[in-house]
Amino acid sequence: MKKIIFILLSLCLLFSCQKYEVVMPDTSMWNMYNDPATLPLNPAARAAMEGVYSLSRGNDVFGDLAAVKWSHIIQGSDTIFHVSGFFGKDIAYFICEGKQLNGAILFNGYWRKMVSTETGIIHLTIGAGDGAGLLLDPHPVIDSGKITINGLFGSGQEAPNRVITLSYIRKLNRDPAAFQIAAHRSGGRTSDLLPVSENSVAMILKTPEFGSTGVEVDVRYTKDGVPILYHDNTLNLREIQKSGLVGPIENYTYDQLSTFVRLVHGEKIPTLREALDAVVYQTQLSFVWLDTKYTGSIAPVHVIQQEYIQKAAAIGRTVDIVIGLPERDQFNQFLELPDYINTPSLCELGVTEVEQINANIWAPRFTEGTQNELVADEHLKGRKVYVWTIDEPAFIASFINEGHFDGMLSNFPSCIAYNYYVHQ
Amino acid sequence: MPPFTGKLFFILLFCLDIAQMATAQDTAFYAKHTAILFPYPMYKEKWRASIGFSLLTTPEDITEETRLRIPCGDFRFLRRITDNFQSDNHIMFQFLQNHLSTGLHFVAPINKYFYFSAGDDIGYWFGYLKISGFNSQASGWFDYPNVSLGYKTRNDLLISVKAQVSFNLYYQAANGDNKIHSGTAYYNGETFSIALEQPFYRKRHLALALSAINNYFYWQTWSLFYKTNRKIFYPQITMALIL
């Protein structure tokens, strides 16, 4: 009997200790893609190939449709482009870089399913006769059936060996500027097993690849009053590597945190300024939701908010940076601002409070449903309505199809992107 | 054909085999037994029941710094059908979310010290959350094939171990007027439990069970987070007074 109990307890321990991780595949091994004769794609080709594609092969893994869209970030003097494919099954996506070679277009990258740890390498090609000729024209005109993307994908680090075929059927169905795809915690949570940490600059630079057009970040103050990005009340191993520091983050100065603390993937805890620098100068993100995790004066954050709205305007960009007000305490602090009535804000409380502070955005929790009548009322008053935080794919689809929201917050922005762009 | 039909077939064959082994032993066990989790046959009594509570710990990497320990009322009653078959009925209640299950179990002694049971339970759960910011409700159906092995010590301590798998048969949820549902059955995970039962006070017996639940979805967390394709480990402790 002792042996049986020992075996069963061992089984319990075995299952309880099961560790999940996503090992990002090495995508540098495709010889054709590494050919020195490859050339970058021109902007017209990138723009023209964006659209909704049907899958005739690989649909058992990814679903029947894909929304294909480009994003870019700026790194120093370089602009780095990625093409993303958002799928309807298991919150799957691929993220690739693209080049042209001898009249064909090549895409090299990885795929991932956000509801699991499944990932792998993906190689895609548009042959000269499959639409690359059209796309590489200086003024490409694309119709249904004119582009066929063929490729292979594999599991983990294995060489791609399963076939995927995508055929262009129509343009992305809605104006991307008309709906805000906002990524929670700057892109996703630690538990979503992404390669970069939540609330980091690296995540802000990564999230456009997931289809995000905006980000929500969590703001706190250090002991010496520096606004930083951090979610939890305390330093803990969910968010940071072992450091020896424990307790509330507000107990430490920025220098202490900068010197001794690293986020789970090794990044520094960013200041709010560093985060907004990345948004304004390195991405095309057009919305930042500064979620107020601190108690105390909002004034220091308000100063930075105004500064970066002006910095964005100075380079010809419109970035809506709003102060998020999740609860009554923060709401009351907001009322202390001398110019609160003209300060861009997002209020999670009721419509009465929203109107009291003239918030730009009302943000109800998704658990109250679509509330279409209230949303319509707020629209009539010139206000936008964003719903948060929806992660269940069926509800994301339902809220996009049946709701009248102007934006949506999720840990899975790629799922919003798929449903928004594919929706007819 | 549901994916678990084959498994049930083998479990049934195994039960019939054990029943043949047990026939010669039966006369030695004709007595009332005070146990609720231990796989005792019900020779003399029609009913057995227990009432208690369970505590579930939510996973830290999902619920983050909100590490909840959720208490849940626990009422279980067994109904004799034949010497070796009994109906196992279980209610877990938190009022805002509840789980009911019923199932048929084959129960038999293997020898003087070891007992065995195998069965299948059907569970229904439902939850409501209608407070500030929430207008949510959800419900679903599960199937739970399970086997137990019991060891009776010489000093009346009953030790049983149970292995149970679960299949999510149906799920529906609504937030306001938005409703979703899924009727696709899938394997949901497994639970391993070890239970101790022994005399406690004035002929009353106490049951203590530790469970390692490893599921994709657990009904007690329906309002907290989205179901993932990662299995999540939930430790659960159950204490019950056998009535």
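Student: Which residues does A:Tyr340 touch, not counting residues up to four places away in sequence?

Tutor: Two residues are in contact if their C-beta atoms, placed from the backbone, lie within 7 Å. By that rule A:Tyr340 touches A:Phe334, A:Leu335 and A:Ile357, once residues up to four places away in sequence are left out. This is a predicted model, in which local features need pLDDT of at least 70 and side-chain atom pairs count only at pLDDT 80 or more, while totals for chains, interfaces and linings use all residues. Residues are numbered from 1 along each chain as its sequence is written, and chains are lettered from A and ligands numbered from 1 in the order in which they are written.

Student: Where is A:Tyr340 found, and is it buried or exposed, or something in between?

Tutor: A:Tyr340 is found in the loop between α9 (328-335) and β17 (345-347) of chain A, where helices (H or I, at least four residues) and strands (E, at least two) are DSSP runs, numbered from the N terminus. A residue is buried if 20 or more other C-beta atoms lie within 10 Å of its own, exposed if 12 or fewer, and partly exposed in between, with C-beta atoms placed from the backbone. A:Tyr340 has 19 other C-beta atoms within 10 Å and is therefore partly exposed. From A:Tyr340 to A:Leu41 there are 299 residues in sequence and 46 Å in space, C-alpha to C-alpha.

Student: What can be said in the same way about A:His72?

Tutor: A:His72 lies in strand β3 of chain A, and it counts as partly exposed because it has 17 C-beta neighbours inside 10 Å. Leaving aside its neighbours within four places in sequence, A:His72 is in contact with A:Thr79, A:Ile80, A:Phe81 and A:Gln284. A:His72 and A:Trp289 are 217 residues apart in sequence, and their C-alpha atoms are 21 Å apart in space.

Student: How is chain A divided into domains?

Tutor: Domain bounds come from an automatic or database domain assignment, which for chain A gives domain 1 (39-170) and domain 2 (176-422). The C-alpha centres of these two domains of chain A lie 29 Å apart, and their contact takes 18 residues from domain 1 and 18 residues from domain 2. On the side of domain 1 of chain A that touches domain 2, β3 (65-75), β4 (78-87) and β5 (92-101) of chain A each supply at least two residues, and β3(A) gives the most, with 7 residues. By class, that side of domain 1 has 11 nonpolar, 6 polar and 1 charged residues, where Ala, Val, Leu, Ile, Met, Phe, Trp, Tyr, Cys and Pro count as nonpolar, Asp, Glu, Lys and Arg as charged, and the others, Gly among them, as polar.

Student: How should I read two helices that pack, such as α12 and α13 of chain A?

Tutor: Two packed helices are described by the angle between their axes and the distance between the axes. Axes are lines fitted to C-alpha atoms, for helices over the stretch in contact, and angles run from 0 to 180 degrees between N-to-C directions. Helix α12 (residues 393-402) and helix α13 (residues 413-422) of chain A pack at an angle of about 40 degrees, and their axes are 9 Å apart. α12(A) and α13(A) are therefore oblique to each other, since angles under 35 degrees count as roughly parallel, over 145 as roughly antiparallel, 65 to 115 as roughly perpendicular and the rest as oblique.

Student: Which residues of α12(A) and α13(A) meet?

Tutor: On the α12(A) side they are A:Pro393, A:Ile396, A:Ala397 and A:Ile400, which meet A:Cys415, A:Ile416, A:Asn419 and A:Tyr420 in α13(A). This contact has 7 nonpolar, 1 polar and no charged residues. α13(A) is mostly covered, with 10 of its 10 residues buried.
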